[in-house]
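Work through the exercises below with the sequence and the model side by side. Try each task before reading its solution.

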Amino acid sequence: MPEQRTTLSSGPGRLLVALYGLFALAATGRSAVQLGMEPGRAPLAYTLSLVAAVLYLVATVCLLLGGRRARVVALVAVSIELVGVLGIGTLTYLEPQLFPDKTVWSHFGQGYGFLPLVLPFFGLAWLRSRR
């Protein structure tokens, strides 16, 4: 039996798709510039920016695709994103020497208006509501 598609990109989901797509572009651009210009300066920070970019891209694609499998993959990606932003956000305050350069998740996404901090909460709430 074919998988029944659930609409994840309608209504408020459209805003989530737009925000995740925007963050996928921003984090990809940031990590590409950082890794291309001075890869040895802050390899942990730059790699984390790349990880964030991949998670944002996965979430964007899954929200667009919809369906049961895409929803599960999106749940995993957004959950990892939440752990990442909380963990890295905390570490950038407790151990700032580990992050000589910023990531998307530094200081809980302060450089991006704290949207990286609230986005996974909205993403998880939306995915949960679309069961």
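**Exercise 1. Find the contacts of Asp-101 beyond its neighbours within four places in sequence.**

Solution. Asp-101 then touches Gln-34, Arg-41, Ala-42, Ala-45, Tyr-46 and Ser-106. Helices here are DSSP runs (H or I, at least four residues), numbered from the N terminus. Now classify its exposure. Buried means under 20% relative accessible area, exposed over 50%, and partly exposed in between (1.4 Å probe, protein chains only). Asp-101 has 22% relative accessibility, so it is partly exposed. Finally, take a distance: 33 Å separates the C-alpha atoms of Asp-101 and Ala-70, which are 31 residues apart along the chain.

Before going on, note the ground rules. This is a predicted model, where local features need pLDDT of at least 70 and side-chain atom pairs count only at pLDDT 80 or more, while totals for chains, interfaces and linings use all residues. Residues are numbered from 1 along each chain as its sequence is written, and side-chain values use heavy atoms, with hydrogens and water left out.

**Exercise 2. Describe how H1 and H2 cross.**

Solution. Two packed helices are described by the angle between their axes and the distance between the axes. The axes of H1 and H2 come within 8 Å and cross at roughly 155°. H1 is therefore roughly antiparallel to H2 (the class for angles over 145 degrees). The contact includes Leu-16, Tyr-20 and Ala-24 of H1, and Tyr-46, Leu-50 and Leu-57 of H2.

**Exercise 3. Which residues of H1 are buried, and what do they pack against?**

Solution. Start with length. H1 has 26 residues and spans 37 Å from first C-alpha to last, close to the expected 38 Å (1.5 Å times one less than the number of residues). Its buried residues are Gly-13, Leu-16, Val-17, Tyr-20, Phe-23, Ala-24, Ala-27, Ser-31 and Gln-34. They pack against H2, H3 and H4.

**Exercise 4. Sort the faces of H4 (residues 115-129).**

Solution. List the buried residues: Pro-116, Leu-119, Pro-120, Gly-123, Trp-126 and Leu-127. Seen down the axis, they fall within an arc of 130°, so they line one face of H4. The arc uses directions from the helix axis to the C-beta atoms. On the other side of H4, Phe-122 and Arg-128 are exposed. The cover over the buried residues of H4 includes H1 (12-37), H2 (43-65) and H3 (68-94).

How values were computed
Helix = DSSP H or I, 4+ residues; strand = E, 2+ residues; numbered from the N terminus. Contact = heavy atoms within 4.5 Å. Axes fitted to C-alpha atoms, helices over the stretch in contact; angles between N-to-C directions. Parallel < 35°, antiparallel > 145°, perpendicular 65-115°, else oblique.
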